[in-house]
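Please read them with the coordinates open beside you.

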Amino acid sequence: MQARRPNRELIGIDRYLLKSVPLATGWNGLLGRVRKDFTLSLEYRELIMCRVAVLNRAEFEWQVHQPAYLEAGGTQEKCDALREEGMSSRFNEEERALLALTDQSTRQVEVDGAIIETLKTLFGEQQTVEAVATVAAYNMVSRFLVALAI
C-alpha cells in the first residue's frame with residue numbers, strides 16, 4: 001500500500017483496509033490498476049473520482065483526488081463546477097459525457113444506452129469500459145469511506 005502513496009505514508013483509509021489483509025491486497029491491486037494502468041487519461045479518471053466524491057459526500061476522497069485532478073490537468077474552475085448541480089459549460093464534450101455516466105451510474109446505477117454509445121464514439125470501447133470501471137471502483141471507495149466516517 002505504501003508503494004501506491006506518493007510519499008509512501010499510509011493514510012486513514014489504509015489503516016482500515018489493513019484490518020483485513022485479503023481486503024487490503026485486493027483493494028490495492030484493483031485501485032492500483034485503475035490509477036496507473038488504464039488508457040483513459042488520468043485527467044479524465046481524476047475528474048470521475050472527484051465527481052463521485054461530491055455525489056457521495058465523501059470529503060476525504062475529494063481531499064485526496066482534487067489536488068491529483070489539478071496536477072493531471074484539471075482547473076480550479078472545473079473543480080468548483082464539479083461541486084455544483086447540473087452540467088457546467090466549463091466542461092468539453094468528452095468531460096460532459098464522462099460526467100453524465102458518473103452521475104447516472106452513481107445516482108441510479110442504470111445508465112442510459114445513449115450515454116454509453118456516446119462514450120464509445122468519443123473514446124472507443126476500451127476506454128468506455130475503463131470509464132465505467134473507474135466510476136464503479138470509486139463508488140466502492142466513497143461508500144467505504146462514508147460508512148466508516150473516514
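1. Helix 3 is built from 14 residues, and the distance from its first C-alpha to its last is 20 Å, close to the 20 Å expected at 1.5 Å a residue; the expected span is 1.5 Å times one less than the number of residues. Helices here are DSSP runs of H or I with at least four residues, numbered from the N terminus.

2. This is a predicted model, in which local features need pLDDT of at least 70 and side-chain atom pairs count only at pLDDT 80 or more, while totals for chains, interfaces and linings use all residues. Residues are numbered from 1 along each chain as its sequence is written, and side-chain values use heavy atoms, with hydrogens and water left out.

3. How many of the residues of helix 3 are buried? Twelve of the 14 are, so that helix 3 is mostly covered, where buried means under 20% relative accessible area, exposed means over 50%, and partly exposed lies in between (1.4 Å probe, protein chains only). The buried set comprises Tyr-44, Arg-45, Glu-46, Leu-47, Ile-48, Met-49, Cys-50, Arg-51, Val-52, Ala-53, Val-54 and Leu-55. The cover over these buried residues includes helix 2 (21-36), helix 4, helix 5, helix 6 and helix 7, a contact being heavy atoms within 4.5 Å.

4. Helix 3 is followed by Arg-57, a residue in the loop between helix 3 and helix 4. Arg-57 has a positive phi of about 55° although it is not a glycine, and with a relative accessible area of 71% Arg-57 is exposed.

5. Why does His-65 count as buried? His-65 counts as buried because its relative accessible area is 7%. Leaving aside residues up to four places away in sequence, His-65 touches Arg-35, Glu-46, Met-49, Cys-50 and Tyr-138; among these partners, Glu-46, Met-49 and Cys-50 belong to the buried residues of helix 3.

6. Leu-70, also found in helix 4, counts as partly exposed because its relative accessibility is 30%. Its contacts, not counting residues up to four places away in sequence, are with Thr-75, Gln-76 and Cys-79. The C-alpha atoms of Leu-70 and Gly-29, which are 41 residues apart along the chain, are separated by 24 Å.

7. Ala-72 likewise has its place in helix 4, and at 25% relative accessibility Ala-72 counts as partly exposed. Ala-72 touches Leu-42 and Glu-43, again not counting residues up to four places away in sequence, and its C-alpha is separated by 9.4 Å from that of Leu-47, 25 residues apart along the chain.

8. Helix 6 (residues 93-108) has 16 residues and reaches 22 Å between its first and last C-alpha atoms, close to the 22 Å expected at 1.5 Å a residue. At its start, a side-chain oxygen of Asn-92 reaches to within 3.0 Å of the backbone nitrogen of Glu-94; a polar contact is a pair of N or O atoms within 3.5 Å, where within protein one must be able to donate a hydrogen and the other to accept it, and residues adjacent in sequence count only if both atoms are side-chain atoms.

9. Which residues of helix 6 are buried? They are Glu-95, Ala-97, Leu-98, Leu-99, Leu-101, Thr-102, Asp-103, Gln-104, Ser-105 and Thr-106. These buried residues pack against helix 3 (42-55), helix 4 (59-72), helix 5 (76-82) and helix 7 (113-147).

10. Helix 6 is followed by Val-109, found in the loop between helix 6 and helix 7. Val-109 has a positive phi of about 70° although it is not a glycine, and Val-109 is exposed, with a relative accessible area of 65%.

11. The structure holds one cavity of 30 Å³ or more. On a 1 Å grid over the protein atoms alone, a cavity is a set of points where a 1.4 Å probe fits but cannot get out, and lining residues have an atom within 4 Å of a point. The largest cavity has a volume of about 30 Å³, and the residues that line it are Arg-51, Ala-81, Leu-82, Gly-86, Met-87, Phe-91, Leu-99 and Asp-103. Helix 5 and helix 6 are the elements that give two or more residues to this lining.

Conventions: On a 1 Å grid over the protein atoms alone, a cavity is a set of points where a 1.4 Å probe fits but cannot get out, and a pocket is an open set with protein on both sides within 12 Å along at least five of seven lines; lining residues have an atom within 4 Å of a point. Grid points are joined across faces, edges and corners, and a volume is the space filled by probe spheres set on the points.
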